[in-house]
Amino acid sequence: MDEGAVQKPATGGSGNDPGTTGPAKSDLPEAGSFVVELARSGLTLTVPAGESILDVVRAAGVQANSSCEQGTCGACETRVLAGIPDHYDAVLTPKERREGKVMMICSSGALSDRLVLDL
């Protein structure tokens with residue numbers, strides 16, 4: 001694991017059994033996918049495994065800046081309002097990765113089931 005990487009937290013129980021906590025199983029995205037809430041646009045999108053946040057956001061008709069689409073230029077840097085990003089870029093410092101306040105949406109994903117982005 002990268003020195004600056006964050007480990008995904010456990011999500012708790014299924015929510016359907018007495019005495020467990022966490023979301024009901026039907027509320028969770030499919031394995032490998034995650035939910036992105038776009039705060040300014042008011043959209044909630046599912047990012048399937050193997051797709052970028054940038055591609056899903058654009059397919060929904062939301063304008064997002066980009067250039068290299070490989071996580072090396074920083075053009076797609078986006079503020080993270082909630083959730084834990086999974087950083088795969090060459091732009092952010094280890095400190096910025098730990099803070100989790102911004103991410104490159106062309107190459108990074110999520111360690112949490114949901115991200116809220118300033119888009």
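**A guided reading of the predicted model**

The protein chain has 2 helices and 7 strands; helices (H or I, at least four residues) and strands (E, at least two) are DSSP runs, numbered from the N terminus. The model is a predicted one, in which local features need pLDDT of at least 70 and side-chain atom pairs count only at pLDDT 80 or more, while totals for chains, interfaces and linings use all residues. Residues are numbered from 1 along each chain as its sequence is written, and side-chain values use heavy atoms, with hydrogens and water left out.

Read from the N terminus on, the elements follow the order β-β-α-β-β-α-β-β-β. Of the 119 residues in the protein chain, 34% are buried. Here buried means under 20% relative accessible area, exposed over 50%, and partly exposed in between (1.4 Å probe, protein chains only). The accessible surface of the protein chain comes to about 6900 Å², and 46% of this surface belongs to carbon and sulfur atoms; such areas come from the Shrake-Rupley method with a 1.4 Å probe, and for residues only the protein chains shown count as cover. Among contacts between residues at least 6 apart in sequence, 46% join residues at least 24 apart, a contact being heavy atoms within 4.5 Å.

The strands may be taken next. Two strands pair if DSSP finds at least two bridges between them. E1 and E2 run antiparallel and are joined by 5 bridges; in this pairing, Val 36 has Leu 45 of E2 as its bridge partner. The hairpin of E1 and E2 has 4 residues between the strands, and Gly 42 takes a positive phi near 75° there. Strand E3 (residues 77-82) is joined to E5 by 3 bridges, and these two strands run antiparallel. Glu 77 has Met 104 in E5 as its bridge partner. E3 is also joined to E7, by 2 bridges and again in an antiparallel arrangement, with Val 116 in E7 as the bridge partner of Ala 82.

The interior of the model can now be considered. In soluble globular proteins, nonpolar side chains tend to be buried together. A nonpolar core is a set of buried Ala, Val, Leu, Ile, Met, Phe, Trp, Tyr and Cys residues joined through side-chain atoms within 4.5 Å. The largest such core has 23 residues, and those with the most contacts inside it are Leu 38, Ile 53, Val 57, Ile 105, Leu 115 and Leu 117. At least two residues of this core come from each of E1, strand E2 (43-47), helix H1 (53-59), strand E5 (102-104) and strand E7 (114-117). H1 gives the most to the core, with 4 residues. Leaving aside its neighbours within four places in sequence, Val 57 is in contact with Leu 38, Leu 45, Val 62, Ala 64 and Leu 119.

Leu 54 also lies in helix H1. Leu 54 counts as buried because its relative accessible area is 0%. Not counting residues up to four places away in sequence, Leu 54 touches Ala 64, Asn 65, Ser 66, Glu 69, Ile 105 and Cys 106. The C-alpha atoms of Leu 54 and Cys 76 are separated by 8.1 Å, although the two residues are 22 residues apart along the chain.

A disulfide is a covalent bond between the sulfur atoms of two cysteines. The structure holds 0 disulfides, the criterion being a pair of cysteine sulfur atoms within 2.5 Å. Cys 68 is in no disulfide, and the nearest cysteine sulfur, that of Cys 73, is 3.6 Å away. At 24% relative accessibility, Cys 68 counts as partly exposed. Cys 106 is likewise in no disulfide, the nearest cysteine sulfur being that of Cys 76, 3.6 Å away. Cys 106 has 10% relative accessibility and therefore counts as buried.

Ser 33 is placed in the segment before strand E1 (34-38) and is buried, with a relative accessible area of 12%. Beyond its neighbours within four places in sequence, Ser 33 is in contact with Thr 46, Val 47, Pro 48 and Ala 49. Ser 108 is found in the loop between E5 and strand E6 (109-110), and its 5% relative accessibility makes it count as buried. Ser 108 touches Ile 53, Asp 86, His 87, Tyr 88, Asp 89 and Met 103, not counting residues up to four places away in sequence. The side chain of Ser 108 also reaches the backbone nitrogen of Tyr 88 at 2.9 Å.

Conventions:
Polar contact = N/O pair within 3.5 Å; in protein donor to acceptor, adjacent residues only side chain to side chain.
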